[in-house]
Amino acid sequence: MAARATLHCLTGCAIGEVLGMVIGTAFGWANAPTTALAIVLAFFFGYSLTLRGVLRAGVDFRTAFRVALAADTLSIAVMELIDNGVIALWPAAMDAELADALFWFSLAASLVIAFAVTTPVNKWMIGRGKGHAVVHRYHH
């Protein structure tokens with residue numbers, strides 16, 4: 001269950017992270033605004049995927065939004081911290097361009113590492129009835 005919850009989180013984070021990095025790199029932005037955009041988009045898409053599922057269960061928007069915040073905030077935050085930390089520490093990854101294999105390889109590797117670190121966090125949360133355990137109450 002924790003791996004599935006983390007994979008769900010990773011999907012939203014990866015969409016936002018990749019989109020943010022691609023937009024910032026394509027426009028030639030500096031590293032800080034590119035990373036900030038990637039983080040904002042990761043949270044947006046991460047919450048959106050959960051929100052979509054909870055809304056489908058017939059829950060009102062306000063309740064669904066609260067469920068998404070409760071379910072995903074820690075998971076996304078840990079994933080983003082690890083993902084962006086790996087890229088920041090990877091030699092030359094922050095300066096790689098879209099056409100560079102290093103750009104894509106470091107981004108993919110950082111997401112894999114973030115998945116590995118975030119899965120135990122989600123397991124811990126689910127074991128305490130938090131995180132994605134909250135979302136599963138709305139699945140039929």
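Helix α3, residues 61-89, supplies the largest share of the patch, 3 residues. Leu69 lies in helix α3 and, at 31% relative accessibility, is partly exposed; buried means under 20%, exposed over 50%, and partly exposed in between, with a 1.4 Å probe and protein chains only.

This is a predicted model, in which local features need pLDDT of at least 70 and side-chain atom pairs count only at pLDDT 80 or more, while totals for chains, interfaces and linings use all residues. Residues are numbered from 1 along each chain, and side-chain values use heavy atoms, without hydrogens and water.

Inside, the largest nonpolar core has 10 residues, including Cys9, Tyr47, Ile76 and Leu111. Two or more residues each come from α1 (2-26), α2 (31-56), α3 and α4 (101-127). A core joins buried nonpolar residues (Ala, Val, Leu, Ile, Met, Phe, Trp, Tyr and Cys) through side-chain atoms within 4.5 Å.

The whole structure holds 6 aromatic pairs, that is, rings of Phe, Tyr and Trp (its six-membered ring) with centres within 6.5 Å; planes under 30 degrees apart are stacked, over 60 edge-to-face, and the rest tilted. Phe27 and Trp29 are stacked, 6.0 Å centre to centre with 20° between the planes. Trp90 and Phe105 are edge-to-face, at 5.7 Å and 80°. Trp90 sits in the loop between α3 and α4 and Phe105 in helix α4, so this pair ties together parts 15 residues apart in sequence.

Technical notes
Helices (H or I, at least four residues) and strands (E, at least two) are DSSP runs, numbered from the N terminus.
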